[in-house]
Amino acid sequence: EKYSARFLNNKPYDIDTTGAAVRGDPKAPITIVEFSDFECPHCRMAEPWIKQIISENPDVKLIFMNFPIAAHQNAALAAAATVAAGKQNKFWAYHDKVFDNQDKLRMPDLLKYAAELNLNVEQFKTDMVAAKQRVDRERKIGEKLDLQGTPSFFINGKRTSGITSVDALRSYVEQERAVTRSQ
């Protein structure tokens, strides 16, 4: 059953990633789309794995999508803050700072991080309001994909499961690389 789900019945999904942040070479042929929640401890745990995969594989890029879970009361606000930081070209720096301070994501904390990264804080506040729409849009995209939790990964549109280590993620990347080469 697991074999069929991974290798035989894993049709690619068309995921609208318009406007989402990209880590790695934007032209890389292998795309990991991650749906993540800034208060999710599993998402934080996966961050070093993703960075390792991107640094080891120049043919892989990450597209980050927000999927704040309702039970995490500060996740949507942190997601909006990160999108707002992206308006000032600091998405990844802010993203990393938020994950590093996962237990401190209230508005005063988010404003402090913006100041620490030398963002224009007044512009940041304005951009946060508009960013909520994008966070909601990304969340709805995840809902249509019937996500069961975070982090959720899709590699070249194909759903993954059981990503509990860098090796598990690497195996999906290597599988996709082999498929891409044989085409």
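Which residues form one aromatic cluster? The cluster is made up of F38, F64, F91, W92 and F99, where rings of Phe, Tyr and Trp (its six-membered ring) are taken to pair if their centres lie within 6.5 Å, with planes under 30 degrees apart counted as stacked, over 60 as edge-to-face and the rest as tilted. The model is predicted, so that local features need pLDDT of at least 70 and side-chain atom pairs count only at pLDDT 80 or more, whereas totals for chains, interfaces and linings use all residues. Residues are numbered from 1 along each chain as its sequence is written, and side-chain values use heavy atoms, with hydrogens and water left out.

In total, the structure holds 10 aromatic pairs. The ring centres of F35 and F154 are 6.0 Å apart and the ring planes meet at 75°, so this pair is edge-to-face. Because F35 belongs to strand β2 (residues 30–36) and F154 to strand β4, the pair ties together parts that are 119 residues apart in sequence; helices (H or I, at least four residues) and strands (E, at least two) are DSSP runs numbered from the N terminus. Both F35 and F154 are buried, a term that denotes under 20% relative accessible area, as against over 50% for exposed and partly exposed in between (1.4 Å probe, protein chains only). The pair of F91 and W92 is likewise edge-to-face, because the ring centres lie 4.9 Å apart with the planes at 85°. F91 counts as buried at 9% relative accessibility, and W92 is buried with a relative accessible area of 17%.

Strand β2 also contains S36, which is buried with a relative accessible area of 1%. Leaving aside residues up to four places away in sequence, S36 touches C43, F64, M65, N66, F67, P68, F99 and T150, contact being defined as heavy atoms within 4.5 Å. Of these, F67 has the charged end of R139 over its ring, 4.0 Å from the centre, and K11 lies over the face of Y13, at 4.0 Å from the ring centre; for such an arrangement, NZ of Lys or CZ of Arg must be within 6 Å of the ring centre and within 35 degrees of the ring normal.
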